[in-house]
Amino acid sequence: MEPPSDAPEHCPGTQSESAGKVSACQGCPNQSICSSGATRAPDPGVHLVRNRLSSVKHKILVLSGKGGVGKSTFTSLLARALAAQDTERNVGVLDIDVCGPSQPRVMGVVGEQVHMSGSGWSPVYVDENIAVMSIGFLLKGPEEAVIWRGPKKNQMIRQFLSDVDWGELEYLIIDTPPGTSDEHLAAATYLQGVNLDGAIVVTTPQEVALLDVRKEIDFCRKMKIPILGVVENMTAFVCPKCHTPSNIFPPNTGGAAKMAEEKSIRLLGRLPLDPRVARSCDEGLNPLTEFPDSPVVGAMEAVVRDLIASLPSSDAGAGDGDSMDTS
Amino acid sequence: MSMLSGVKHIILVLSGKGGVGKSTVSTQLALAMKEAGFKVGLLDVDLCGPSVPYLLQLEGKDVHQCPEGWVPVYADPDQRLAVMSIGFLLKDRDDSVVWRGPKKNAIIKQFLSDVYWQDIDFLIIDTPPGTSDEHITVMENLKDLPCDGALLVTTSQAVSVEDCMKELSFCKKANIPVLGVLENLSGFVCPVCSECTNIFSSGGGKSLADLTNVPFLGRLPIDPSLGECGEKGKSCISVNPNSPAAKVFQDLVQTISEKSKVSSVPAQ
């Protein structure tokens, strides 16, 4: 894969046959490790992650090339909707946005602490059947910045994937930062051995977001991550006074529907922009129960139904009880 | 860093959160500064999601090599707005840049050392969200340069304000002065009934500025026409001089030019 952070400019790559043996390797602190061949052995973390996540039935990544399109909001809505359908179903949310963790806020568990036990880190419970893990729980306050370069972020993500004691989970939903870099590569690398169900790609309708989202789709294809579908967020805003819909983020190039068609992926649904939902996420409340009349709730139900139906049902028992629509 | 020796002032546009309008603010500020008579450079260091080429309708333009280094792409015939972005180096606009930190750092260093900006008054650096490799590298490479400070962009939502607090902590640790906080996407005026709805709430940027003792630079409403100005290569000041956004950018140009005490040289 990629060289260490202090590698020389012409590093052949740690996985290369010539790692540690070419002239560029002279003086690199990693040279002896590379030439020993240890770097070409599989990362021991992959094995640890596989063991830990063997008790998790479905693993879903929530991705988007673009920031601020609603990855974290969608992740929380998906977790809450899945958990509400069946109280026996355990859902986990893992936030691997190291520099800007939003899950503690949108799930309403700001300031909670993570405890260590013999079996690993205990996640924070939002509800009896929703557990959350985020770096936000490890910081002193919201103002504390995590100023880390890639390798340290990768290490943290590996720990999140291998050391959190989730117990038996039916769904683990992984919220990611924007981009196609260290965090994404770390997640893709460590999840390759755990039959990841796939990724849901979130976008908003305007071209400047779609531009980055197409890059994320390219990333998924390069990394062989199956794409479960696209969700378009903030589709239209309905004026609360005169009920006129406005395109705040105009779909000037056809929006997510056109992109999904071009890239031959499914459009799982479109979520309208409802300020009440935005506000309740900011306050850490559950919009699904706070505003059951919101158009977002109905749209979300359709997305969840579609998603469950499309998940690979190779594992026995997966998908049973999916008709229990409680809301 | 001899290539930056002709650059008089450097401004960073930062935000902890993505999608709050860093690139829109960067391009509008660059256009507004250019129209005010300055020579401006705009450097996009968001490698995984470069937005500047699209926002300025410069997609497909190429970066050329000259004896001095890389020639940036000029957004105007007078060559008063020079732009550099990884977007110009990609074969296809859908290509992803799947790079870990070290490779990202190397290209950012090249952007800072190999681009032939020539004599420009302001270099505006648009950044990706977060406080990681890109930010550390920019900060390390700007150590001995005339960095005027950082402009923080946020929406009013608690999730965004929280990430901006992290970014402010970063600036403090990195000794980067903060020019102020700009609140974006602050309210939407219905085109039919003129009712203003604070979709992403309102006032968060102001309270962040008050809480952290940094100047508050203004509030930009949700205005889909702002993007259209950039596409035409114009600032909102010249397209809609009476819009609230134009007022914010006018004030911003004035604040920045006063702070940096450069008088604009009229375009020849």
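The buried residues of helix α4 of chain B pack against α5 (150-163) and α6 (182-190) of chain A, and also against β1 (7-14), α3 (101-114), β7 (120-126) and α5 (158-173) of chain B itself. Here buried means under 20% relative accessible area, exposed means over 50%, and partly exposed lies in between (1.4 Å probe, protein chains only). Helices (H or I, at least four residues) and strands (E, at least two) are DSSP runs numbered from the N terminus. The structure is a predicted model, in which local features need pLDDT of at least 70 and side-chain atom pairs count only at pLDDT 80 or more, whereas totals for chains, interfaces and linings use all residues. Residues are numbered from 1 along each chain as its sequence is written, chains are lettered from A and ligands numbered from 1 in the order in which they are written, and side-chain values use heavy atoms, with hydrogens and water left out.

Helix α4(B) spans residues 133-141 and is largely enclosed by the rest of the structure, because 8 of its 9 residues are buried. These are B:D133, B:E134, B:H135, B:I136, B:T137, B:V138, B:M139 and B:N141.

Contact, defined as heavy atoms within 4.5 Å, links 62 residues of chain A with 55 residues of chain B. The two chains bury about 4,900 Å² between them, 57% of it on carbon and sulfur atoms; buried area is the accessible area (1.4 Å probe) that two parts lose on being put together, summed over both. On the side of chain A, the residues losing the most area to chain B are A:I147, A:R149 and A:K215, which together account for 14% of what that side buries.

Across this interface there are 7 salt bridges, each a side-chain nitrogen of Lys or Arg within 4 Å of a carboxyl oxygen of Asp or Glu. A salt bridge joins the side chains of A:E207 and B:R93, with an N to O distance of 2.8 Å. The helix α7(A) contributes 9 residues, the largest share of the side of chain A that touches chain B.

In chain A, the UniProt record (unreviewed entry) places a "binding site" at A:G65, A:K66, A:G67, A:G68, A:V69, A:G70, A:K71 and A:S72; UniProt positions follow the numbering used here, feature names are shortened, and annotations may be inferred rather than shown by experiment. A:K66 lies in the loop between β1 (56-63) and α3 (71-85) of chain A and is buried, at a relative accessible area of 16%. Beyond four places in sequence, A:K66 touches residues of both chains, including A:D212, B:G19 and B:S51. A:S72 belongs to helix α3 of chain A and is likewise buried, with 14% relative accessibility. Its contacts beyond four places in sequence are A:S102, A:Q103, A:V106 and A:D175.

In chain B, B:C196 is located in strand β11 (residues 196-197). B:C196 is partly exposed, with a relative accessible area of 45%, and touches B:G187, B:F188 and B:V189 when residues up to four places away are not counted. Between B:C196 and B:N213, 17 residues apart in sequence, the C-alpha to C-alpha separation is 29 Å.

Confidence is expressed as pLDDT, the predictor's score for each residue from 0 to 100. Chain A averages 91, and 94% of its residues score at least 70. Over residues 314-327 of chain A, pLDDT stays under 50, and the model has 17 contacts beyond four places in sequence for this segment. Where pLDDT is low, predicted coordinates should not be read in detail.
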